[in-house]
Amino acid sequence: MPLGERGGWERSESRYCGVETDFSDDVPSLLSFNISTGGFDYVLALLMNPSYRPSLVEGKGSETQVLPVSGSDLVLAPSQWSSHVVGKISSWIDLDSEDEVLRMDSETTLKQEIAWATHLSLQACLLPTPKGTSCANYARCVNQILQGLTTLQLWLRVPLVKSDGDASEGLTDSWELWNSFRLLCEHDSKLSVALDVMSTLPSETSLGRWMGESVRAAIISTDSFLTNARGYPCLSKRHQKLIAGFFDHAAQVVVSGKPVHNLPKASDSNTEGTQRHTLRSYLDYVAYLFQKMEPLPEQERIELGYRDFLQAPLQPLMDNLEAQTYETFERDSTKYIQYQRAVAKALVDRVPDEKASELTTVLMVVGAGRGPLVRASLQAAEETNRKLKVYAVEKNPNAVVTLHNLVKLEGWEGIVTIISCDMRFWNASEKADILVSELLGSFGDNELSPECLDGAQRFLKPDGISIPSSYTSFIQPVTATKLYNDVKAHKDLAHFETPYVVKLHSVAKLAPSQSVFTFTHPNFSTKANNQRYKKLHFNLPSDGGSALVHGFAGYFDSVLYKDVHLGIEPTTATPNMFSWFPIFFPLRKPVEVHPDSPLEVHFWRCCGSSKVWYEWSVSSPTPTPMHNTNGRSYWVGL
């Protein structure tokens, strides 16, 4: 039965627990014992007798031989095969062996077992760990098989180890092994990894890299469990944290091995008096770990459908937003509280207390939308006892209708003047003391805030205040296998040259973020230069090993006014704010980076007469093609 049941449970994929079994030619009994009696959800079972070798039956009437599979497809209903069995490919196969007979036997057996698994409609098959340090032929054969698969997923079994450079015992760095294999298989989305969790774990940094990989299962040996004071199995704190991370990233746990705990006699039988499954106590502990996880906060639950979902950034300058989009942004109370704080501080600085009843501050909200910044500004005026005159400038005629209704409803007719016009082309009748805008995108300037505010600042007084006063974009390299595969699935260049807004989840952040472009307002230079270039160098932590960079996560941080900040850059992110997801800049070809080889990255913000676009590339350790040259795939229209 599933590890946990909760209404609207947000970790549905990871709530199933499997058990690794020995070969059995009685599959119904195998399922009955492990699922009905044991409580597991599925078995990880060999599909063919492990003693089988094709070369031993050749020339001995092989044309009449029946493959020694675990049982006829008729012994289970198709739905049972699909939901309760994950096939395990014979562990003896070695497709890179120097022994030609073994190599040929291995290739034949692999193809036969995958064909049988496909016939049974299994959802997944576990491939054995590559032997030795070379896996080129193994990967070649798997890649051939992957080309013909439609629904069957292949999991490559990889021990979760990080070597110290000594491969004398055949152990190699688990990530290096996985990366070599999946690159030889052309990053096929039907190939995932199943990690063998050992009693000793690599560093936290090394473990964190796996959260950006397509890990489908964590196979935990009974040898990895400790013993608690009552004699029952438990896991170390580090193992618990790792398993919780896998649960949160849709990976399932599989229990493997023989029982190694001498449990109290009272636990040998269940309430019906029948013999308990020998691994039931391990399953119970895994279920305990699953059930003690904290439920996601309400906002996180709302955003579940956006996790790792690629969205093209908004183009509010070219397109008019819809009511539903406005409503989503207006629900973000944290953002408007910050704006209210910033306006309040600006009003107090602008008008001293002794003149509060005499002076009226002219405040312009440019890009007023449906009025949330107008409301925040008026609340700041009320809070500080300052007099305010507001101009609400909005180009979207549909939003202007809402603004008029709001002003009438709230009785703001004598305070708020609505201007239905593009802020860049409006000729104001008077200068503003404070200019308030909400034009920032996930990357700060990607929705053309610099261009818009450069055009609007002409009606700001020379000593006027812009809110925000500055904003900075940031990037950091990430491993993001799912995002890369989703972009790759489009099979064209344009999608690899498009930055996407995405709620990052199955992502490993490989180095701290670094600043890219900063814009300050007001900017009264003769001609604002919004075309920018930045070269950045990233270094991976030395204790985490190598990693594959699939692209760059982008963020922003802004100074609204003085010490009032707003942003999504991870180290300074505004708590409980959801108006912006990060932006993702993909790489056409992932780059492998080692801790001793800095990653050199180049970013450009380019401006033309009718559009603005980004270009990006990597020059070291391995050069990549230039992305989005001349804005050929993605741009923001002026």
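Student: Is Asn 576 buried or exposed?
Tutor: Asn 576 counts as exposed, at 69% relative accessibility. Exposed means over 50% relative accessible area, buried means under 20%, and partly exposed is in between, using a 1.4 Å probe and protein chains only.

Student: What am I looking at, and how are things counted?
Tutor: This is a predicted model, where local features need pLDDT of at least 70 and side-chain atom pairs count only at pLDDT 80 or more, while totals for chains, interfaces and linings use all residues. Residues are numbered from 1 along each chain as its sequence is written, and side-chain values use heavy atoms, with hydrogens and water left out.

Student: OK, back to Asn 576. What is its phi?
Tutor: Asn 576 has a positive phi of about 60°, although it is not a glycine. Most residues other than glycine have a negative phi.

Student: And where does Asn 576 sit?
Tutor: Asn 576 is in the loop between β22 (564-567) and β23 (583-593). Strands (E, at least two residues) and helices (H or I, at least four) are DSSP runs, numbered from the N terminus.

Student: What about His 187, buried or exposed?
Tutor: His 187 counts as buried, at 6% relative accessibility. Its phi is also positive, near 55°, and its loop runs between α6 (174-184) and β6 (191-197).

Student: How many salt bridges does a search of the whole structure find?
Tutor: The search finds 31. A salt bridge is a side-chain nitrogen of Lys or Arg within 4 Å of a carboxyl oxygen of Asp or Glu.

Student: What does Arg 140 form a salt bridge with?
Tutor: With Glu 107, the closest N and O atoms being 3.6 Å apart. Arg 140 lies in helix α5 (residues 136-147) and Glu 107 in helix α4 (residues 100-119), so the pair ties together parts that are 33 residues apart in sequence. Arg 140 is partly exposed at 38% relative accessibility, whereas Glu 107 is buried at 15%.

Student: How does Lys 461 meet Asp 433?
Tutor: Their side chains meet in a salt bridge of 2.9 Å, N to O. This pair links distant parts of the chain, with Lys 461 in strand β15 (residues 460-467) and Asp 433 in strand β14 (residues 432-437), 28 residues apart. Lys 461 is partly exposed, with a relative accessible area of 27%, and Asp 433 is buried at 7%.

Student: Which residues do salt bridges that share partners join into one network?
Tutor: Glu 20, Lys 88, Arg 157 and Asp 196.
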